[in-house]
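Subject: Structure handover

Hello,

Here is the structure we talked about. Please open it alongside this note.

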Amino acid sequence: MAEGNSPLRARRNLRWMAVGLLAVCLGGLGAALLYTNLSNAQSVITVTRTVYRDQVITAADLGVTSVVPAAGVDAVPADRIDEVVGRTALLDLAEGSLLTPRGYGEPAVEAGSVRLGLRLAAGRLPSAPMPPGTEVLLVPVGRDGGEPPPGASVVARIATPAGVLPDGASIVDVSVAASEAERVARLAANDQLVLVRRAGRP
């Protein structure tokens with residue numbers, strides 16, 4: 001009876017040997033993958049608490065973690081953390097996310113300034129391109145040849161290049177002092193502004 005079970009027992013032993021060999025191979029493969037991942041891991045900056053757009057990033061908002069970045073994810077190396085602190089969030093930075101270079105930078109609007117969108121009639125601004133940062137004057141003018149409104153011209157800077165609307169009018173974003181924002185907005189709404197590029201200014 002025992003002799004009749006020998007082939008069956010041999011097959012079982014071979015099966016267990018195959019299972020054991022497969023386990024060893026899988027274990028070795030797993031160890032190799034783990035080693036590869038660990039060797040490719042990078043120390044990068046992570047967001048430890050949510051920072052909303054236009055807020056200043058503080059040291060308490062950031063941490064460091066070790067990850068293997070996925071393809072297409074451009075994380076910020078941990079050794080640049082001092083460079084990030086004090087900069088402005090250009091996007092909403094969610095808690096637990098990796099910081100990317102597009103997530104921070106210089107503030108879109110300087111402290112004490114505001115950004116306004118102006119719609120100016122044809123001929124009310126130079127036709128030559130004015131890149132962002134160009135210093136200009138917003139000059140109050142009268143309507144239909146009337147007397148100009150009271151108040152001096154306002155110094156501003158181009159924030160976005162001007163675009164032309166189908167009716168020939170132009171739209172342009174400018175940065176002005178916060179104290180002048182309301183007056184400039186009213187003048188623009190009443191079509192009482194001309195934009196002049198300042199001589200010798202970038």
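Below is what turned up, from the whole chain down to one residue.

This is a predicted model. The protein chain holds three helices and nine strands. Along the sequence, the pattern reads α-β-β-α-β-β-β-β-β-β-α-β. Of the 202 residues, 26% are buried. The accessible surface of the protein chain is about 12800 Å², and carbon and sulfur atoms account for 58% of that. Take the contacts between residues at least 6 apart in sequence: 63% of them join residues at least 24 apart.

Now the sheet. Five strands form an open sheet in the order β5-β8-β7-β6-β9, with antiparallel pairing. β5 (113–120) and β9 (193–197) are the edge strands; each has a single partner, so one side of each lacks a neighbour in the sheet. On average, neighbouring strands are turned by 40 degrees against each other, direction ignored.

The pairing of β9 is with β6 (residues 135–140), antiparallel, over five bridges. Within it, Leu137 has Val196 in β9 as its bridge partner.

Helix α3 (residues 181–189) lies across β5, β6, β7 (154–164), β8 (170–177) and β9. The helix runs at about 10 degrees to β5.

Is Ser175 buried or exposed? Its relative accessibility is 18%, so Ser175 counts as buried, the cut-off being under 20%. Leaving aside residues up to four places away in sequence, Ser175 touches Val114, Arg115, Ala156, Arg157 and Ala159.

Best wishes

How values were computed
Residues are numbered from 1 along each chain as its sequence is written. This is a predicted model: local features need pLDDT of at least 70, side-chain atom pairs count only at pLDDT 80 or more; totals for chains, interfaces and linings use all residues. Side-chain values use heavy atoms; hydrogens and water are left out. Two strands pair if DSSP finds at least two bridges between them. Helices (H or I, at least four residues) and strands (E, at least two) are DSSP runs, numbered from the N terminus. Axes are lines fitted to C-alpha atoms, for helices over the stretch in contact, and angles run from 0 to 180 degrees between N-to-C directions. Contact means heavy atoms within 4.5 Å. Buried means under 20% relative accessible area, exposed over 50%, partly exposed in between (1.4 Å probe, protein chains only). Accessible areas come from the Shrake-Rupley method with a 1.4 Å probe; for residues, only the protein chains shown count as cover.
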